[in-house]
Amino acid sequence: MSSRVMRDFDLLLPESIEETIALLARHKDKSAVLAGGTDLLVALKFDYSIDNVISLALVPGLDELDFDPARGLTIGAKVTIADVLRSQDVKDNYPALWQAAQVFATPQLRNTATVLGNILRASPAGDCSAALYATGGSLLLKNAKGCRNIDLDDFWISYGVTARCVDELAISLHVPVPAQGEKSAFRRMTRTTEDLSKINAAVCLQMAGETCHKARVVMGCVGPTLLRLPKVEKMLAGAAVTPELLRDISNVVISEIAPIDDQRSSAEYRNKVAGVLVKRVIEAALNAKENDQ
Amino acid sequence: MAEDVAFKHIEKTSLIGKRIKKPDAPAKAIGKTRYINDMVLPQMLYGKILHAGRPHAEIISIDTSEAEKLAGVHLVITAKDTPDLKLGFVKDNAPLKSKVLCERDEVAAVAAESEAIAAAAIKLIKVSYKDLPGVFSAKDGLKKDAPQIQENFPGNKSLKFKFKHGDLAEAEAGSDIILDHVFNVHYVTHCCMGTSCAIADFDHNGKLTIYSQTQYPYNYKMDLAPALGIDPGDIRVIQPTTGGSFGAKLDVYPYEPVAAILAQKTGRPVKVLFDREEEFINSPTRQPAAIHLRTGCTSDGILTFRSADVLMDNGAYTSWGPTVPVIMMRTVSGHYRVPVIDFKAQAVYSNNAYAGSFRGYGNVQMTYATAQHMDMFAEELSEKHGMDPIEFHLKNAQKSGEVTPQKSYLRECVLAECLTTAAAASDYVNKHKTYTEACTEEGRYKRGIGLASSIHNAGGAKIHKSDGCGTILKMDDYARVTVITGASEIGQGIDAVISQIVSEELGVPPEHVTLVNNDSDIGPWDVGVHASRTTFIAGNGAKRAAIKAKKQILAAASKQANVTAEELDLRGGYVVQDKDGAAVIRLDRMLRQMHFQPTPDVVMVSDYYEPNSELEGKDHISDHSAAYSHAVHIAEVVVDTYTGEVKVEKVTMAQDVGRVINRMGLEAQMEGGLAFGLGFALSEEMIFEEGRLLNPSFRDYKVPTAPEMPEIEMHFIESDCEEGPYGAKGIAELPTIVIAPAIANAVYNATGIRFLNPPMSPEKVARAIWEKKQADS
């Protein structure tokens, strides 16, 4: 039984951040924020209990995409995937994010979908989210009481659930300045090219010559949220990245993930290819060939 | 001589084989086309169907009272309102159901002022079900204690087919190699961009006008009438632009009579339009099948017999799906020269989705099996006897004039030329050898090359008493031509082809030819768009009508020019002298002169073309198509042995097209057909769990997208079909049929693993590679 007619809702068009926050405070969980809408408009067809859609279309001050060598990268709530893809600063300093943007859905969706929307969706398959989890970052949330910063490490709680309170508006994401010798990359596997990931991975490595000082390694579609792989990170930290180490890492990955069977793939398959993908994404970061997907 | 023709000479040129733009393409490309899905009629209501969403159940009660009370709802109907109305190939289906036999079953329907109200009303209908144990595979359906699905079909046995030729035991005894495999061919669906839609409208005399996506408007009336309890003559079918069909609309499905019943009872036009999820769940599928194929061969590489035992899951109702053995057996008996044939097929009722017709019609399934057996023989003969693989194929390839055991008469047969052309163009033999040697070496990426071929009807298929098509052609005073044809345009390109053919005969530009073919009250009869038949049949009809018109004009002109009609021709908008192209009179002037004279002579001609094929009988021995054609595909793949991903890099195709008519349309059919087969081979699969479809969306059902398309090299072999228009044969189904086994054979070449059960998804390929590695070590 299906009826996918979008339900009726009120479209609210605030013209400032303050007004938006006031609307959120009033409507709380009966409302949803519309930026790109590529996830929300689909969700609204599935009996989503949303009476009020609060559009950010007329709200100024949310489209900043700014890189400062001293402060890092700021991504406003209305910055689209296509904006990120056009940014030479992102391409030069945050290759993982740029690579995730490059393979994100289709040109039409990239023109509409926002980076923050991808994070707020809290999907374990989020491509930009995986890249940003690897580079690290913090979200600026604001409600009537004030602002708070929350680290991405603490943001995703379970599938579709985040630490955002219902009255909070995500204003922007801050990504730190890349460390000396930082190398990052994103890789994924899909069924067809313009598709959701069936499994994805991102890494951010601090390299000094052949030696890795510190590593953040992230996988998607292998658990209810995006996962970091602490054992792999530990193996990389302080080690020379040799083919032998990569082989050992490849064998350890399976012990850190918990994929399931779904329509996009099987647990068996994800378990088997996860090691290959992690090895591939590390090699990609070190070889820094952005276009080699 | 009139001034405007003095010293004017027009060379004889031909449009046949040229690239003609499809007239509807620009509007479609910029989004200006109005599809049936966009149509709104004054006073129109929106119909919505409540589907059961469970595979097998008794309906204890239906309470429609809450739905009826909702403001804006005009009518709610259930099976009680439509007793004894029957539908389907063996009349085992009904518009609305009193018992649930599959997930899509239509339980109730609503007509309301808006789509949203109709959707809300559907949710207010309360149905109490008693779930029953179900049958979810053909095998289970045959078990002694299996639940009975359809009352009138004991043992759940549906359609059955049989064909035998020659002595099987003797042929087996004379075989040096016998291959014996079961191929399980899966569920896929058409994925038309325009979802299913019907708009029904009754007039005050009780005559129904139905706006429909059907691809067989004339027989459609006959199939729809019993589901409404009206006379077929009281139905007018109008076909607005449709967003794809590919066989999906070759039958009447319950939503169509439901729209009509709602319209009849409310006195208002009613539109039923599926959303994408409804489309996935409630559309016909490709017929799945378990094909037990046995093939024999001598050590000299001569085929000795083919035996196929096909078990088909019929689903809950019988549409065209379980009739596909009619074509499957032509492949078994006609794909290469096979002297002894034993074919059996049985369809078994279940509580699964039911299949309809789908581009390739049984041949996609059967060629997946036969073409892999051909490759297995070629491998073994090459390994043991050093036989060249192409030589093996050529030894068994039929030649012009041969007749198959089912009496398919291969008048013009160029299978050998297709094989040698494709093999040479792709360097098949060398690459195949190189990749075979590399197969067992270490390394992540493995390359493979695979060859497959098949045969298909290319001059219609006479499964009805007539396989014909009517044409009416008229010319106005300005030399513009209107062609009224029975042939439907469902995107396949008959609009361009008919313009081109008429233009070729009458010497007018193709854009001066208008096609009228969307109204059953206007058009003459045609059996429908299927069996790769339209260019062949409707093209012949249009050509014959245009020749009649030309004769009429030249006869009139001959009097004026004082020469015989045979010495004249029509070129570039003029009547000209045939020998030197000297213009005699402008064509529009000629037509006006013919018209405005004491005895008016106006160009209005008609033709009914019936191909010279024979009706498919119960014994399946007949020359059922006016032409047959072959195609060879050679696929080159790269397999990532770490991840199981198969990338098709290049496809070289050689196909007998008879004669190229519209080169652009032909290339598009090759590309589109290949995309269907590519999805079937690699990524498309309807996943069912106890009769419920788990992936009813494009998010979870993966059709190939542009980046998945390989490089395609096309070779059109022109066999010059005597019966076809200008020598043309039907072409549209073969590209879908041949590509999947070509890919499977290429994957074997790369990995040494046979995939008998498509799709070759990374999950399946990776598992097979890992298992092989473990077994080898």
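How many bridges join strand β12 of chain A to β13(A), and in which sense do the two run? I began my notes there. The model is predicted.

**Entry 1: β13 of chain A and its partners**

I counted nine bridges between β12(A), residues 197–208, and β13(A). The two strands run antiparallel. I picked out one pair: A201(A) has M219(A) as its bridge partner in β13(A). I then looked at the turn. Two residues lie between the strands of this hairpin, and G209(A) takes a positive phi near 65°.

I followed β13(A) to its other partners. With β15(A), residues 239–240, β13(A) pairs in the antiparallel sense over two bridges. Here C212(A) stands opposite A239(A). With β14(A), residues 227–228, β13(A) also pairs antiparallel, over two bridges. V218(A) stands opposite R228(A) in that strand. The hairpin of β13(A) and β14(A) has six residues between its strands. In this hairpin C221(A) takes a positive phi near 65°.

Is β13(A) largely enclosed or left open? I checked its ten residues, 211–220. Seven of them are buried, so the strand is largely enclosed by the rest of the structure.

**Entry 2: D700 of chain B**

I looked up D700(B) next. It sits in the loop between β29 (692–693) and β30 (711–717) of chain B. Which residues does D700(B) touch? Leaving out residues up to four places away in sequence, I found R191(A), Q263(A), R264(A) and N695(B).

**Entry 3: a sheet in chain B**

I traced a three-stranded open sheet in chain B, in the order β4-β2-β6, with antiparallel pairing. Why is one side of β4 and of β6 left without a neighbour? β4 (99–100) and β6 (126–131) stand at the edges with a single partner strand each, so one side of each has no neighbour in the sheet. Two bridges join β2(B), residues 57–63, to β4(B). At this pairing I noted E58(B) opposite K99(B).

**Entry 4: a surface patch and the domains of chain A**

I found a nonpolar surface patch of about 260 Å², made by L11(A), L13(A) and L58(A). L11(A) lies in strand β1, residues 10–12, of chain A. At 46% relative accessibility, L11(A) counts as partly exposed.

Last, I noted the domain assignment of chain A. It gives domain 1 (10–55), domain 2 (65–175) and domain 3 (182–287). The C-alpha centres of domain 1 and domain 3 lie 35 Å apart.

Notes:
Residues are numbered from 1 along each chain as its sequence is written. Chains are lettered from A and ligands numbered from 1 in the order in which they are written. This is a predicted model: local features need pLDDT of at least 70, side-chain atom pairs count only at pLDDT 80 or more; totals for chains, interfaces and linings use all residues. Side-chain values use heavy atoms; hydrogens and water are left out. Two strands pair if DSSP finds at least two bridges between them. Helices (H or I, at least four residues) and strands (E, at least two) are DSSP runs, numbered from the N terminus. Patches are made of residues with over 30% relative accessible area and no salt bridge: like charges are joined within 9 Å, nonpolar side chains (Val, Leu, Ile, Met, Phe, Trp, Tyr) within 5 Å. Accessible areas come from the Shrake-Rupley method with a 1.4 Å probe; for residues, only the protein chains shown count as cover. A salt bridge is a side-chain nitrogen of Lys or Arg within 4 Å of a carboxyl oxygen of Asp or Glu. Buried means under 20% relative accessible area, exposed over 50%, partly exposed in between (1.4 Å probe, protein chains only). Contact means heavy atoms within 4.5 Å. Domain bounds come from an automatic or database domain assignment.
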